[in-house]
Amino acid sequence: MLKHTEKASQEILAFHQKLLDTSPDIIYIYDIIDRKIIYSNQGITKILGYSIEEIQTMGENILPQLMHPDDFNVYLKEIMPRYQSAKDEENIEHEYRMKRVDGSWRWLHAKESIFTRLVNGKPKQIFGLTSDVTENKQTYKKLETSEEKYRELFNNMSNGVCIYEAVKGGKDFIIKDINKAGEEITNMTKEYDLGKSIFEVRPSIEEFGLADVFRRVFKTGKSEIHDERLYEDKNLTGYFKNFVCKLESGEIVAIFENITRRKQAEEALIETKNRLLKAQNVAGMGFLDWNLQTNEIELSEEVVNLYGLEKGKNWVTPDLVASVVHPDDLTFVQQNLELAIKDGKKYNIDHRVVRPDGKVLWVNAQAEISRDTDGIPLKLLGTVVEITERKKAEEALRESRDSFRFLAENAKDMIYRMSLPEGHYEYVSPASSDIFGYTPEEFYNNPILIKQVIHPAWGKYFENLWSKLLAGDSSPFYEFQIIHKSGETRWLHQRNAMITNDKGEPVAIEGIVTDITASKEAEKELIQQQQQLEELVKERTRELEVKNQELEQFNNLFVGREFRIKELRDQVEDLENQIAKMKKET
């Protein structure tokens with residue numbers, strides 16, 4: 001009986017270890033006093049590339065060695081003190097960057113709680129679950145830096161999106177637009193609430209803490225996450241999470257979701273489940289255990305809810321797969337399951353499922369096969385995570401890239417992107433063949449080609465521009481001449497946009513180049529015509545001056561004669577009067 005119990009316990013422990021190692025996230029126990037990793041599942045190897053032995057060898061140097069210096073300072077100043085004051089059931093969430101074994105940085109999101117305490121009550125160890133959120137960070141960054149792409153996603157996102165105009169120097173924020181999901185989440189309507197102050201529509205926003213986030217983002221331009229928090233007013237109550245960023249136009253954008261149901265579920269699970277199950281639920285991850293000998297499958301509550309299945313029902317795996325997997329993905333899923341079970345191929349795929357209500361969801365499914373000593377497959381232990389929103393964002397960004405490429409490939413102007421400080425072209429549109437006479441491939445293969453085609457008269461001008469460019473000072477536009485591949489001299493107009501990293505350092509320049517040779521020639525011809533017209537006007541003016549002089553002389557002569565005639569008439573009249581007088585006297 002004892003051996004049977006021990007064997008059952010070992011099987012349970014092995015099962016739980018399989019669950020932990022199957023998880024794509026890092027599940028760990030960290031000693032905050034000794035500053036060492038006490039336990040970690042295989043998730044740390046999947047995300048960071050280090051083996052568990054390498055992690056344990058690092059000892060107390062693991063965080064100083066792997067955590068980004070900026071994030072490590074925040075960890076020491078803000079997170080460590082939170083451990084000291086945390087309650088047993090309290091979740092501590094924070095995000096930071098960790099260095100992979102290949103030297104790249106990954107963004108991680110950690111949810112932690114106190115695991116053990118000393119006899120004096122001070123925390124000794126923490127239990128944590130950490131997810132890789134690098135892709136989400138990159139998606140948010142793209143949304144933040146590209147308002148046009150953001151607009152394409154605006155009306156199709158399941159998260160709420162609201163756009164605000166900052167007024168009174170950032171003291172007030174006027175609602176300018178809100179998407180359909182935002183209206184449903186907040187009980188707001190475009191017809192009634194657009195143009196109103198957020199303080200009028202959401203009177204508790206100050207206490208909620210989001211108003212301070214709006215002010216900081218407006219002032220600094222740096223995006224912030226306002227983590228899940230309870231909001232209450234007479235029209236709206238619930239837990240909300242906000243991502244806030246500032247557009248180039250100066251408008252403030254809030255991307256938010258109502259996480260009330262998830263929050264309530266987490267709080268209920270905290271009271272009824274142990275720390276491991278709590279961590280699994282916080283991650284929103286479902287687990288399944290498929291007995292490959294009997295084809296029976298056990299599903300966690302998360303999977304049942306995700307698939308919209310009837311609770312308490314016993315499922316046989318082939319029937320389950322056929323009932324939930326999207327018909328177009330069914331063969332793909334079955335083939336990958338067969339390869340994993342028979343050939344030991346890694347099972348990590350994305351596919352669609354169809355709920356009984358007709359709603360289609362995207363999920364990521366991962367699994368490992370448990371085998372006996374003879375290699376016979378016994379069980380498949382798997383995890384399922386919904387990734388619908390990520391897929392929507394990826395598809396929207398892909399469509400945006402395709403639209404941009406179509407426009408770029410068919411534009412008469414040349415569109416380009418050049419890396420800095422190397423000066424290598426990362427993209428050149430086909431219009432380069434018409435404008436320069438050189439194909440995009442020739443620009444890619446010859447990094448100094450652009451310097452070679454610059455007209456000699458503009459050489460020093462471009463050297464000065466390049467020096468300013470590397471210093472982060474880029475003129476928005478300039479005009480210059482080049483020598484076309486045909487030998488013809490052409491005038492070009494170039495518009496530029498500097499791309500910088502998080503530190504404000506220039507990493508690339510993007511722009512549009514337009515051939516303005518025809519307009520320059522027309523301008524030159526216009527100047528020549530204007531000069532000819534001015535000469536003609538001068539000549540006509542000289543002729544008029546001569547005519548005026550002649551006219552003046554004639555006028556003077558005519559006026560003198562009139563005066564003489566009048567004088568003679570006066571004299572004749574005077575003589576006639578004298579003669580008449582003499583006749584009277586005689």
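Reader: What is the relative accessible area of Q56?

Author: In this predicted model, Q56 counts as partly exposed. Buried means under 20% relative accessible area and exposed over 50%, with partly exposed in between (1.4 Å probe, protein chains only). For Q56 the relative accessible area is 42%.

Reader: Which residues does Q56 touch, not counting residues up to four places away in sequence?

Author: Q56 has its place in helix α3, residues 52-58; helices (H or I, at least four residues) and strands (E, at least two) are DSSP runs, numbered from the N terminus. Q56 and Y39 are 17 residues apart in sequence and 8.6 Å apart in space, C-alpha to C-alpha. With contact meaning heavy atoms within 4.5 Å, and residues up to four places away in sequence left out, Q56 touches I37 and I38.

Reader: What is the order of the five strands in the open sheet?

Author: Strands of a sheet pair through backbone hydrogen bonds, either parallel or antiparallel; two strands count as paired if DSSP finds at least two bridges between them. In this sheet the pairing is antiparallel, and the order is β2-β1-β5-β4-β3.

Reader: Which strands stand at the edges of the sheet?

Author: An edge strand here has a single partner, so one of its sides is left without a neighbour in the sheet. The twist averages 35 degrees from one strand to the next. The strands at the edges are β2 (36-40) and β3 (92-99).

Reader: What angle does the direction of helix α5 make with that of β3?

Author: Helix α5 (residues 69-85) packs on the sheet and touches β1 (26-31), β3, β4 and β5 (123-132). Axes are lines fitted to C-alpha atoms, for helices over the stretch in contact, and angles run from 0 to 180 degrees between N-to-C directions. Between α5 and β3, the angle is about 155 degrees.

Reader: How many residues of β1 are buried?

Author: I26, Y28 and Y30 point one way from β1, whereas I27, I29 and D31 point the other way. Residue I29 stands opposite F127 in β5, and its bridge partner in β2 is Y39. Strand β1 is largely enclosed by the rest of the structure, because the number of its residues that are buried is six of the six.

Reader: Which backbone nitrogens lie 2.9 Å and 2.8 Å from a polar atom of the side chain of D31?

Author: D31 is found in strand β1 and is buried, with a relative accessible area of 2%. Beyond four places in sequence, D31 touches K36, I38, K124 and Q125. A polar contact is a pair of N or O atoms within 3.5 Å; within protein, one must be able to donate a hydrogen and the other to accept it, and residues adjacent in sequence count only if both atoms are side-chain atoms. At 2.9 Å lies the backbone nitrogen of I33, and at 2.8 Å that of D34.

Reader: Which residue takes a positive phi in the hairpin of β9 and β10?

Author: Strand β9 (residues 237-246) is largely enclosed by the rest of the structure, because seven of its ten residues are buried. Seven bridges join β9 to strand β10 (residues 252-258), and the two run antiparallel; in β10, F256 is the bridge partner of N242. The hairpin has five residues between its strands, and the residue with a positive phi, near 95 degrees, is G250.

Reader: How many disulfides does a search of the whole structure find?

Author: A disulfide is a pair of cysteine sulfur atoms within 2.5 Å. C162 is buried, at 1% relative accessible area, and C245 is also buried, at 3%. The number of disulfides found is zero.

Notes:
Residues numbered from 1 in each chain as written. Predicted model: local features only at pLDDT ≥ 70, side-chain atom pairs only at ≥ 80, totals over all residues. Heavy atoms only, no water.
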